[in-house]
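Biologist: Please take a close look at one part of this model for me, and then connect that part with the rest of the chain, step by step.

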Amino acid sequence: MPGKLSKEQRQKRIQDIIARESVSTQGELVEFLRREDVLVTQATVSRDINELRLVRVPVGKGRHRYALSRSGGHGDVQGELARLFQNFVQDVDRGENVLVVRTAEGHASGVALLMDRLRRDDIVGTIAGEDTIFVVARTTDEGEALMEELHALMLG
């Protein structure tokens, strides 16, 4: 019977869909579920997305798609950040305590999100555009050390 799935079954179906399809909005996810005879509201999908800890990752040219968050602990975030830096970061520059990280187009928000997830005391915050991230370090000295660390990440 259409639409009669438990929450766990529905969430498993959502995970299966985002693993095989490029889904960029909640509305698209509702439509994919309806095609599989799962009747659900966008509000329910929104709650499922939060509970499953889905993230929107850049796929280039300003487009995003939902994916499972692979970052459980600090080490996972650091490893994923290193991978993103090696693949998508093109330059890191600094002026006093403000760093500017240049990325391939469409990847700045994903890199900044992981930097925020590190929850480091030496980073006050980040602001991301399409291909540029402003990183505010707490002090000039911490900004200098952070720049060296980010350069090392970028170079692998």
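Modeller: Lys12 and Asp16 are four residues apart in helix 1, so about one helical turn separates them (helices are DSSP runs of H or I with at least four residues, strands are runs of E with at least two, and both are numbered from the N terminus). Their side chains meet in a salt bridge, with 2.8 Å from N to O; the term asks for a side-chain nitrogen of Lys or Arg within 4 Å of a carboxyl oxygen of Asp or Glu. This is a predicted model, in which local features need pLDDT of at least 70 and side-chain atom pairs count only at pLDDT 80 or more, while totals for chains, interfaces and linings use all residues. Residues are numbered from 1 along each chain as its sequence is written, and side-chain values use heavy atoms, with hydrogens and water left out.

Both partners have an accessibility value to consider. Lys12 counts as partly exposed because its relative accessibility is 46%, and Asp16, with a relative accessible area of 31%, is partly exposed as well (buried means under 20%, exposed over 50% and partly exposed in between, for a 1.4 Å probe and protein chains only).

Arg20 is partly exposed at 48%, and Glu36 is partly exposed at 24%. These two residues belong to a salt-bridge network that links Arg13, Arg20, Glu21 and Glu36.

A further salt bridge connects Asp48 with Arg10, whose closest N and O atoms are 2.6 Å apart. Because Asp48 sits in helix 3 (residues 42–52) and Arg10 in helix 1 (residues 7–20), the pair ties together parts 38 residues apart in sequence. Here both Asp48 and Arg10 are buried. In the whole structure, the search finds 10 salt bridges.

Neighbours within four places in sequence aside, Leu150 is in contact (heavy atoms within 4.5 Å) with Phe85, Val92, Leu99, Val101 and Met115.

Finally, the domain assignment, which is automatic or from a database, gives domain 1 (7–68) and domain 2 (77–155). Their C-alpha centres lie 29 Å apart, and six residues of domain 1 are in contact with seven residues of domain 2. Between them the domains bury about 460 Å², 55% of it on carbon and sulfur atoms. On the side of domain 1, Val55, Pro58 and Gly62 lose the most area to domain 2, together 64% of what that side buries. Buried area is the accessible area (1.4 Å probe) that two parts lose on being put together, summed over both. Between domain 1 and domain 2 the count of salt bridges is zero.
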